[in-house]
Amino acid sequence: MGEADPAILNRVPFAVTNPERIPAPRYYDEEFYQLEVEKLWPHVWQMACRLEQIPNVGDWVEYTNVGKSVIVVNTKNGIKAFHNACRHRGVPIAGGKGNERGNCAKTGFICPFHGWRWNTEGENTFVYGRHMFSEEQLDPQDLRLKECRAEVAIGCVFINHDDDAPSFRETIGPVIDRLEAHALGKVRAEWWYATELPANWKVAMEAFMEGYHVMKTHPQLQQATPMLYNTMYGLDTGGIGDPINPNLSVKENIQAQFKHMELLSEGMAGMLHAKEVAIAKELLDVDLPEDPAQAVPMWFGIVMDQVAKQLKARGEPVPDLCAVAQSDPVNAVEFIFPHYFLLPFFSSFSSYRIRPLGPEKCLFELWSLTLFPEGQEPEPPQEPIMLPYDSEQFPPIPRQDYGNIPIQQHGLHADGFEFMRLSKDIEGMISNYQRIIDGHLAGVPQDKLAKATNTLGGNFDGKIFEYDF
């Protein structure tokens with residue numbers, strides 16, 4: 001495995017110089033965190049809101065991260081974003097307390113300090129006592145709200161503070177087209193939870209970059225289908241996970257797969273929706289070949305076909321799942337750099353967004369996303385339900401992950417623990433995105449970083465890549 005070029009990384013503290021070893025201080029060092037605040041977050045595309053939060057002209061949502069506030073607005077000319085500061089003396093023109101929302105179609109944005117106003121297009125419409133100001137201070141173009149770049153994709157608005165960064169699609173790459181082929185742009189949120197975790201934002205993210213942890217962290221999944229997990233991660237479970245039983249009949253294999261579906265649905269809702277599980281249950285006794293190696297994939301194909309057909313018959317805009325699985329395959333987890341995850345299975349999704357709240361604290365948000373008959377979409381949740389991270393209201397799967405993340409943060413401070421050691425074959429995404437972060441911190445050209453970021457699409461459970469920086 002190639003070593004990083006020290007000439008590129010000499011300005012980055014605790015840089016990743018061996019791709020299989022991630023220095024522990026990156027997860028708690030104040031200097032490193034401040035470098036991320038200054039060099040990473042102002043130059044990356046951040047998931048700011050879901051589109052259904054701002055369906056009407058004038059609807060706005062405040063998005064905040066690392067001390068910066070942006071207002072995302074639905075205007076008559078499309079979605080726009082503005083830096084949230086009055087052009088007079090800098091008071092936020094909307095929200096200001098973090099992640100607020102509203103509608104300004106009638107009033108526009110009114111500064112709460114002196115009453116200056118702007119319309120939804122960012123044009124200044126009123127200056128109180130304008131005769132008291134020099135004309136040069138009131139130039140209309142200079143008074144416009146400062147726009148922040150915004151792009152719409154996969155049912156969300158993404159913002160970037162850097163006017164010179166490559167576009168969102170150039171940065172993230174073909175995985176966006178693959179996700180949109182699965183109708184991701186049409187799903188709607190059923191629920192939205194959030195919690196504060198006492199852990200670095202990267203620690204929280206890395207829990208979802210590999211499935212290697214399933215045997216111990218989510219034992220109910222491994223116990224349901226040991227064949228699935230043991231063949232992916234090795235037969236040497238050390239007596240912790242259930243061994244493979246090669247003598248299961250076709251019927252027993254299908255029952256095990258169905259049990260796995262039920263556990264995924266119970267564990268995270270949108271990851272595998274209850275309505276999809278109900279359709280799969282109807283198909284437990286279909287005729288299948290006697291060889292399990294042929295029967296199991298055939299059964300999955302039948303289930304996908306019926307999920308698509310039955311939900312489409314109800315009016316849901318479901319694509320041909322069998323066709324898009326071939327033409328636009330997606331992984332069990334897809335990562336949208338730097339802080340957004342999507343977890344697909346059939347036609348529904350779970351999604352996660354993580355934002356730093358300091359070197360050792362982060363905000364973790366979860367959505368359950370699914371399709372509805374067109375015209376029958378429910379009112380979307382407009383703000384998350386905040387819960388303690390150990391709350392039993394969380395679904396079982398994230399609750400199990402939250403059992404590890406805070407104690408891992410403590411473990412990173414242990415004497416003698418200098419670095420995480422990664423599998424080159426299965427934990428590659430952790431190394432890859434960490435080295436892309438180093439590229440941002442070192443000032444690597446944006447086109448090179450975008451090319452590298454493209455490789456994160458489909459990299460779940462993937463290998464370590466080499467980059468030319």
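Guide: Let us begin with a term: contact means that heavy atoms lie within 4.5 Å. What you see is a predicted model, and in it isoleucine 279, leaving aside its neighbours within four places in sequence, is in contact with Gln306, Val307, Gln310, Leu311 and Arg314.

Visitor: Where is isoleucine 279 placed, and what makes it count as buried or exposed?

Guide: Isoleucine 279 belongs to helix 11, which covers residues 274-281. Its relative accessibility is 0%, and since buried means under 20%, isoleucine 279 counts as buried. One of its contacts is Gln306; isoleucine 279 and glutamine 306 are 27 residues apart in sequence, while their C-alpha atoms are 7.2 Å apart in space.

Visitor: Why is the pair of aspartate 305 and lysine 309 called a salt bridge?

Guide: The term asks for a side-chain nitrogen of Lys or Arg within 4 Å of a carboxyl oxygen of Asp or Glu. For aspartate 305 and lysine 309 the closest N and O atoms are 3.2 Å apart, so the pair meets the cut-off of 4 Å. Both residues lie in helix 12 (residues 292-313), and because they are 4 residues apart there, about one helical turn separates them. Aspartate 305 has a relative accessibility of 25% and therefore counts as partly exposed, a word that applies between 20% and 50%. Elsewhere, salt bridges that share partners join Glu123, Arg144 and Glu147 into one network.

Visitor: How many salt bridges does a search of the whole structure find, and what is known of the one between glutamate 52 and arginine 50?

Guide: The search finds 18 salt bridges. In the salt bridge of glutamate 52 with arginine 50, the closest N and O atoms are 2.9 Å apart. Glutamate 52 has a relative accessible area of 9% and is buried, and arginine 50, with 1%, is buried as well.

Visitor: How do you know that histidine 218 is joined to aspartate 401 by a polar contact?

Guide: A polar contact needs a pair of N or O atoms within 3.5 Å, and the one joining the side chains of histidine 218 and aspartate 401 is 3.2 Å. The side chain of histidine 218 also makes a polar contact with the side chain of histidine 213, at 3.3 Å. Histidine 218 sits in the loop between helix 7 (214-217) and helix 8 (219-224), and its relative accessibility of 3% is why it counts as buried.

Visitor: What is the nearest side chain of opposite charge to aspartate 401, and how far away is it?

Guide: Aspartate 401, in helix 14 (residues 396-411), is buried yet has no salt bridge, and the nearest side chain of opposite charge, arginine 399, is 11 Å away. A salt bridge would call for atoms within 4 Å. Not counting residues up to four places away in sequence, aspartate 401 touches Phe208, His213, Thr217 and His218.

Visitor: Why are strand 7 and strand 9 said to stand at the edges of their sheet?

Guide: The open sheet is formed by 3 strands in the order 7-8-9, with antiparallel pairing. Strand 7 (109-110) and strand 9 (124-126) each have a single partner strand, so one side of each is left without a neighbour in the sheet. Strand 7 pairs with strand 8 (residues 117-118) over 2 bridges, and pairing requires at least two. Phenylalanine 109 has tryptophan 118, in strand 8, as its bridge partner.

Terms used
Residues numbered from 1 in each chain as written. Predicted model: local features only at pLDDT ≥ 70, side-chain atom pairs only at ≥ 80, totals over all residues. Heavy atoms only, no water. Buried < 20%, exposed > 50% of the residue type's maximum accessible area, 1.4 Å probe, protein only. Polar contact = N/O pair within 3.5 Å; in protein donor to acceptor, adjacent residues only side chain to side chain. Lys, Arg positive; Asp, Glu negative; His and termini not counted.
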